[in-house]
Amino acid sequence: MPRRNNRRRAQNALEEDNSPLTPYLINFDELDAYNENRLYESQHQELRRSTTIDWNDADLFGDDDAAFVDIESLNSFSVVRTDCNKFFDPQYKFIVLNAPKGSGKTTMCRMLEFKINHKGGSSESAIWLRDPDISPKPTQPIMLSDWIHRWCNHISYAILCMLVEQIEGLITDSDLIDILDVKRSTGESSKGLLRQFTDNFKLPFLNNKSLPDKFKYSYQDILVRVDKRLQKKAWIFIDEVDQGFSHEEQLVFKNAAALIACRQLASKFNNVVIRSTIRPNVLTVLQSNVDSVANVADSIVPLDWNALQLRSVVAKRVESYLSKTNNYFVKTFKSTDENENWLLSQILKTEDPNMGLGSGKRPIHITLAILGKNRPRWVLNLLKESAKIAKFNNESLITPAELFGSLKQYGHDRIKNIAAEFRSICDNIQLIVAKLSLSDRSVFRHRELIAFIEKNILTSGDPIAITGGSRDASAIEIAELLYLIGVIDAGYLAGESSVIGRESLKKMHMDFYDQPVLMSALSISKQEIEKFIWEIHPAFRYALGLERKKWNKGRNHNR
């Protein structure tokens, strides 16, 4: 089908469709792939009969948390984002993956660690550690500089442990004596002879007690010496340090110091490669409270997912399940698009136009990306909830009834997720989101959103405090918060008469990660801000009991 015709059809869809979700349907590369693969629909139908899906099988969609999945299983059903070039390239000695919870940060770390350690004739070694394995645990409040010092020693010690275990003969007796001396100097006890200490030199290491101001060597000093003898790259993955983060000073110091210490260490070694992870909301708090965190900016790499990449995530899970259950599966298609579309058709009624969230031309993977807020974990959670209903309804495929029937429970779970994820910013998120259920619409002009917040949220009780803002938040600050956490998204009005932007197909539907300053009155004039609409995201509408209202496109709309 010619590309020009696809664009014309997409524009027609925008003009004919009254759904507020229409602005999502403007990725022509995805639309072209979708239309081409519809030519294979009859083949999809025929092959579907050769597979059997057990909705109760935990192997179908896998575990929610990659930290607790055995590495062989994780390797079998996970997609590695090889487009994150800096993350995989050892010439970048320190890189931090920056993404919300459920975006695959831990999966990326564990998969790369597995690949490094299982590569035949590998010239590299790696270790993956989570917060409980490596974080300093002081018994009393300490200064930022002390946190940095402790992090440097903990990370250096962890790398030394890995090198003892994985590279025979690299650590000399002189190194071991100095390590033992540091352990004694820091108040750690170690019984037995030096050889017994060597044999038992394994993770997790003992928790350090209070560090003295000075001693002969530090673990960092010893590692600098060992690094000069290294003939291979030593990777360390430091993951989930920001778990349980709040705005409390010691937690801010702990997380900021981890980034600063990693950067300092990376600059001192030739053969040590450090990778870490952080959530965007945590990074924002650190940057606003600790000036030196700004020096880490060039090491931050975002981990974003588009609809086609999320299609790959789901397809990989289905492919792994079919392989494990000995289902008939042969890749007979000409392209990745065809294979992945067929795999999705084994669990979803992909040809049903009602799967398009108001647009019969919207491919199913775009629907999943919208409802899952472009987070792999959220997409898989949505499919798990849909599978429960499919099992109850005795359906062999997830149809619109199952997909949309799951959104109420799915939305409730997502509200709990974001309340926990952003608790460091505001303790009242769950209450604020719940108040949106008082609305009679899901789409607002800017002034209408502000008026609704003033009437229904700010008058409901005690003042609402937002970290980094006011202890008595204004309507604008509440709107900014809802935008930040993804409960509302933004759409651009290209012309006063239309909410769906038929005058221009270039105006995208935006969330905070597209335009982080969009709500700021300092960055956008009053005249400009009135060209935006604000839409309660469909992932939350069903949980809030909101009906999708058709936008009033007439000139007599209340202004």
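**Close-up views of a predicted model**

**View 1. Helix 21 and helix 22 are roughly perpendicular to each other.** In this predicted model, the angle between helix 21 (residues 446-456) and helix 22 (residues 475-484) is about 110°, and their axes lie 9 Å apart. Helix 21 contributes His446, Leu449, Ile450, Ile453 and Glu454 to the contact, where they meet Ala475, Ile476, Ile478, Ala479 and Leu482 of helix 22. Sorted by class, the residues in this contact are 8 nonpolar, 1 polar and 1 charged.

**View 2. The largest nonpolar core comprises 95 residues.** Phe87, Ile347, Leu482 and Ile485 have the most contacts inside this core. Helix 14 (residues 307-324) gives the most to the core, with 8 residues. Leaving aside residues up to four places away in sequence, Ile485 touches Ile418, Phe422, Ile429 and Val433. Another core, of 58 residues, lies apart from the largest one and includes Ala158, Leu170, Ala256 and Leu259.

**View 3. Strand 8 (residues 532-536) is largely enclosed by the rest of the structure, because 5 of its 5 residues are buried.** In a regular strand, side chains alternate between the two faces of the sheet. From strand 8, Phe532, Trp534 and Ile536 point one way, whereas Ile533 and Glu535 point the other way. The residues on both sides are all buried.

**View 4. Strand 6 (residues 443-445) and strand 8 run antiparallel.** The two strands are joined by 3 bridges. Opposite Ile533 of strand 8 stands Arg445.

How values were computed. Residues are numbered from 1 along each chain as its sequence is written. This is a predicted model: local features need pLDDT of at least 70, side-chain atom pairs count only at pLDDT 80 or more; totals for chains, interfaces and linings use all residues. Side-chain values use heavy atoms; hydrogens and water are left out. A nonpolar core is a set of buried Ala, Val, Leu, Ile, Met, Phe, Trp, Tyr and Cys residues joined through side-chain atoms within 4.5 Å. Buried means under 20% relative accessible area, exposed over 50%, partly exposed in between (1.4 Å probe, protein chains only). Helices (H or I, at least four residues) and strands (E, at least two) are DSSP runs, numbered from the N terminus. Contact means heavy atoms within 4.5 Å. Two strands pair if DSSP finds at least two bridges between them. Axes are lines fitted to C-alpha atoms, for helices over the stretch in contact, and angles run from 0 to 180 degrees between N-to-C directions. Angles under 35 degrees count as roughly parallel, over 145 as roughly antiparallel, 65 to 115 as roughly perpendicular and the rest as oblique. Ala, Val, Leu, Ile, Met, Phe, Trp, Tyr, Cys and Pro count as nonpolar, Asp, Glu, Lys and Arg as charged, and the others, Gly among them, as polar.
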